[in-house]
Amino acid sequence: MDLIMRLLTAVTLAVFVDLGFIVCFSNGNFVFNVKHKFAGQELSLSALKRHDAHRHRRILAAVDINLGGNGHPAEAGLYFGKIGLGNPPKDYFVQVDTGSDILWVNCANCDKCPTKSDLGVKLTLYDPKSSSSATRIYCDDDFCAATYNGVLQGCTKNFPCQYNVVYGDGSSTAGFFVKDNLQFDRVTGNLQTSKGNGSVIFGCGAKQSGELGTSSEALDGILGFGQANSSMISQLANAGKVKRMFAHCLDNKNGGGIFAIGEVVSPKVNTTPMVPNQPHYNVVMKEIEVGGNVLELPTDTFDTGDRRGTIIDSGTTLAYLPDVVYESMMSKIIAQQPGLKMHTVEEQFTCFQFTENVDEGFPVVKFYFEESLSLTVNPHEYLFQIRDDVWCFGWQNSGVQSKDGKDMTLLGDLVLSNKLVLYDLENQAIGWTEYNCSSSIKVRDDTSGSVYSVGAHNLSSASKLISGKITPILLLVFVLFYRFS
């Protein structure tokens with residue numbers, strides 16, 4: 001009898017939790033005639049568990065994020081998606097970045113926020129006052145305490161939960177957290193979507209600095225797809241909206257590409273384990289091959305301790321290698337063309353004149369990872385053209401480029417483009433395969449079990465993205481949260 005009473009209590013609480021979720025979207029007073037699903041039946045823990053599992057399957061969905069941008073370092077050098085925020089929802093264009101953890105957008109009355117962009121998109125400032133569903137997050141809220149590993153010292157009632165994010169290129173964003181409705185495109189059929197909604201906590205940017213405030217390639221903000229609980233995908237997964245799985249296929253040939261949340265069932269993708277307890281998407285590299293020859297490197301080159309290992313980051317345009325790797329790789333590549341005359345562009349790019357086919361004149365580079373996963377980078381992928389017959393290397397020396405001089409291995413869009421890259425947070429694995437990013441992939445909708453095609457998008461044509469200068473975007477190095485003084 002005691003067990004039955006506890007089960008009845010649990011069921012009652014579950015019903016009220018569900019009703020509370022419904023009522024929070026309503027303004028009137030309602031009376032519900034509630035009849036429990038298991039009325040007249042013998043209760044069992046297994047029956048309740050099956051009920052919960054079935055309910056969760058009903059709300060899990062696949063999501064299609066419209067993508068735009070281009071990975072060419074000589075052009076915009078970034079990819080961005082479109083999301084809806086607020087009630088009524090407004091569209092915001094945000095850079096998709098697997099190297100950071102929060103979603104933030106420029107807010108009304110912010111300092112040094114961009115007002116126009118050369119990317120062919122209209123910029124919009126988010127105003128919490130214009131959204132009927134917006135609420136502020138305060139310093140004593142659970143989200144804020146979890147973000148800062150405890151309630152901030154000196155926290156008082158109604159003091160906002162504030163944030164500051166500093167990116168590796170020296171730019172930064174600061175503001176406060178709000179909670180509001182997120183509108184996304186839920187996959188409902190082959191190349192078909194319908195509007196879906198959820199609530200997420202994100203940053204309301206009050207002040208920007210560096211490239212975030214002045215760049216001609218400005219956007220409304222950044223959508224962090226990191227694995228922290230503060231990221232959008234983690235919040236939606238914790239709410240039962242989606243699985244912690246997503247994939248992108250960045251098309252630097254035509255612009256845009258594919259970005260989908262959910263289980264990818266086709267094409268099949270081989271994976272490598274993620275390094276546990278790392279703040280970013282870190283995997284174990286075993287060796288590097290240039291033109292069929294393995295580089296001779298110190299055995300600890302790819303250690304997976306703090307700030308080491310290999311980071312997979314879609315928010316970074318180029319590829320950053322430790323000094324010992326960079327020097328060894330470049331010497332092997334250049335040795336194939338000993339007559340090249342090198343010069344430096346914008347104080348950081350090694351460039352040269354070459355009139356022949358680069359794929360015939362330079363070696364293929366291959367990275368090898370745990371569990372036999374490899375990544376092939378052809379010459380036309382690690383070299384980019386800035387004008388007729390002038391090419392530059394996309395490889396960068398991370399010890400020189402990093403603000404603190406520390407070596408790291410970070411693979412950005414230079415090597416991730418034109419590949420389907422899968423992030424399986426459920427099983428802590430990452431994988432990729434060569435793919436035509438202007439085609440489509442197949443994802444499973446857990447609501448019905450059906451498999452649907454998700455196609456490519458291009459929010460603005462590649463011709464609008466050419467800015468006339470090289471803009472490497474290193475978004476990932478460190479993320480810093482603190483309370484303003």
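**Strands and salt bridges in a predicted model**

Let me begin with G431, which sits in strand β29, residues 429-434, where strands (E, at least two residues) and helices (H or I, at least four) are DSSP runs numbered from the N terminus. What we have here is a predicted model, in which local features need pLDDT of at least 70 and side-chain atom pairs count only at pLDDT 80 or more, while totals for chains, interfaces and linings use all residues. Residues are numbered from 1 along each chain as its sequence is written, and side-chain values use heavy atoms, with hydrogens and water left out.

G431 counts as buried because its relative accessibility is 0%; buried means under 20% relative accessible area, exposed over 50%, and partly exposed in between, with a 1.4 Å probe and protein chains only. Setting aside neighbours within four places in sequence, G431 has contacts, among them V269, N270, T271 and L373, a contact being heavy atoms within 4.5 Å. The C-alpha atoms of G431 and S374 are 9.3 Å apart, although 57 residues separate the two in sequence.

Turning to strand pairing, which requires that DSSP finds at least two bridges between two strands, β16 (residues 285-290) runs antiparallel to β22 (residues 365-369) over five bridges, and M285 has F369 in β22 as its bridge partner. β16 also pairs in the antiparallel sense with β17, residues 293-294, over two bridges, and there E289 stands opposite V294. The hairpin of β16 and β17 has two residues between the strands, and in it G291 takes a positive phi near 60°.

Now the charged pairs: how many salt bridges does the count come to? The count comes to seven, a salt bridge being a side-chain nitrogen of Lys or Arg within 4 Å of a carboxyl oxygen of Asp or Glu. One of them joins D445 and R186, at 3.8 Å from N to O; since D445 lies in the loop between β30 (440-444) and β31 (451-455) and R186 in strand β8 (residues 172-189), the pair ties together parts that are 259 residues apart in sequence. D445 is buried at 4% relative accessibility, whereas R186 is partly exposed at 26%.

K243 forms a salt bridge with D446, with 3.4 Å between the closest N and O atoms. That pair links the loop between α5 (232-238) and β11 (245-250), which holds K243, to the loop between β30 and β31, which holds D446, 203 residues apart. Both residues also belong to a network of salt bridges that links K243, E263, R444 and D446.
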